Amino acid sequence: MANKDAKFVFGVDLDGVCANFIEGLRPIAAEWLGVAVDTLPTEVTYGFPEWHLERIAKDDPNEPAYEKLHRFAITQKQLFERLEPIAGAAVALRRLSFVHDVRVRIITHRLFIPHFHQTAIVQTVQWLEKHGIPYYDLCFMESKGAVGANLYIDDTPKNIEALSEKHNVIIFSNSTNRDIQGRRANNWNEVEQIVLERQQEWKAQGGEGARSSGT
Ligand SMILES: [Mg+2]
């Protein structure tokens, strides 16, 4: 039997979907490397190999070159608090939440490097508040499918492929995911349309609550 109180749950990734991570990290990477910012391409793939971070760090499997930059960017440059939002993301999430009764569930893997989790979480919450992004749940998770959502959005190929096995996923287009097949949005107008379409389908099917993978 349908649960009339159930809400359509939208599982939303932050970096590369709501926050412009590449543009935010780029000037910090330029400073870190001691190069002009325009020497670092904006068309990058996952892990930024195009920026050649290894030129100032030995290939240490315990702390890869990227992790050193990431730690510097968060702890010294407040990256998660200073990122620019991706155009249209905040207002689309407000409209989905306040007008269309979508339950926004932020799901991010920002804690993948140890020892500065408090800083990363505080910056994340301050950023969400500052940009007026509504959310009901805030999950710091690697296994995004484990928390459940009726529809997800992500930009990282590894996450998209893992979620696609059991869930509906919108691919938010950027240079890191050009080769991935699936339902794609190029901007937040398109995201909003897809969410509303899927919410209508979900309602037509009786509006079951979101399920975790494996249940
Ligand atoms: Mg992402």
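Biologist: What makes H70 count as buried?

Modeller: H70 has 23 C-beta neighbours inside 10 Å, and a residue is buried if 20 or more other C-beta atoms, placed from the backbone, lie within 10 Å of its own, exposed if 12 or fewer, and partly exposed in between, so H70 is counted as buried. This is a predicted model, in which local features need pLDDT of at least 70 and side-chain atom pairs count only at pLDDT 80 or more, whereas totals for chains, interfaces and linings use all residues. Residues are numbered from 1 along each chain as its sequence is written.

Biologist: Where is the place of H70?

Modeller: H70 sits in helix α2, residues 65-75, where helices (H or I, at least four residues) and strands (E, at least two) are DSSP runs numbered from the N terminus. The C-alpha atom of H70 is separated by 9.0 Å from that of A29, although the two residues are 41 residues apart along the chain.

Biologist: Why does R95 count as partly exposed?

Modeller: R95 counts as partly exposed because its C-beta neighbours inside 10 Å number 17. R95 belongs to helix α4, residues 89-98, and, leaving aside neighbours within four places in sequence, R95 is in contact (C-beta atoms, placed from the backbone, within 7 Å) with H100 and E192. Its C-alpha atom is also 9.5 Å from that of P134, a residue 39 places away in sequence.

Biologist: Which burial classes apply to F48 and H52?

Modeller: F48 is buried, because 20 other C-beta atoms lie within 10 Å, while H52 is partly exposed, because 13 do. F48 is in the loop between α1 and α2, and H52 lies in the loop between α1 and α2 as well. Most residues other than glycine have a negative phi. F48, not a glycine, has a positive phi of about 60°, and H52, not a glycine either, has a positive phi of about 50°.

Biologist: How do you know that β2 and β3 pair, and over how many bridges?

Modeller: Strands pair if DSSP finds at least two bridges between them, and β2 (residues 103-108) and β3 (residues 137-140) have 4 bridges, in the parallel sense. I107 stands opposite C139 in β3, and R105 has D137 as its bridge partner in that strand.

Biologist: In what order do the strands form the open sheet, and which are the edge strands?

Modeller: The open sheet holds 6 strands in the order β3-β2-β1-β4-β5-β6, with parallel pairing. The edge strands are β3 and β6 (184-185), since each pairs on one side only.

Biologist: Which residues have the most contacts inside the largest nonpolar core?

Modeller: They are F10, V12 and C18, in a core of 49 residues, a nonpolar core being a set of buried Ala, Val, Leu, Ile, Met, Phe, Trp, Tyr and Cys residues joined through C-beta atoms within 7 Å. Helix α1 (residues 21-33) gives the largest share of this core, 5 residues. Among the residues that V12 touches, not counting those up to four places away in sequence, are V17, C18, V104 and I153.

Biologist: How many residues of domain 1 are in contact with domain 2?

Modeller: Here 14 residues of domain 1 are in contact with 14 residues of domain 2, and α5 supplies the largest share of the domain 1 side, 6 residues. The bounds, 9-19 + 84-204 for domain 1 and 22-81 for domain 2, come from an automatic or database domain assignment. The domain centres, taken over C-alpha atoms, are separated by 23 Å.

Key
Two residues are in contact if their C-beta atoms, placed from the backbone, lie within 7 Å.
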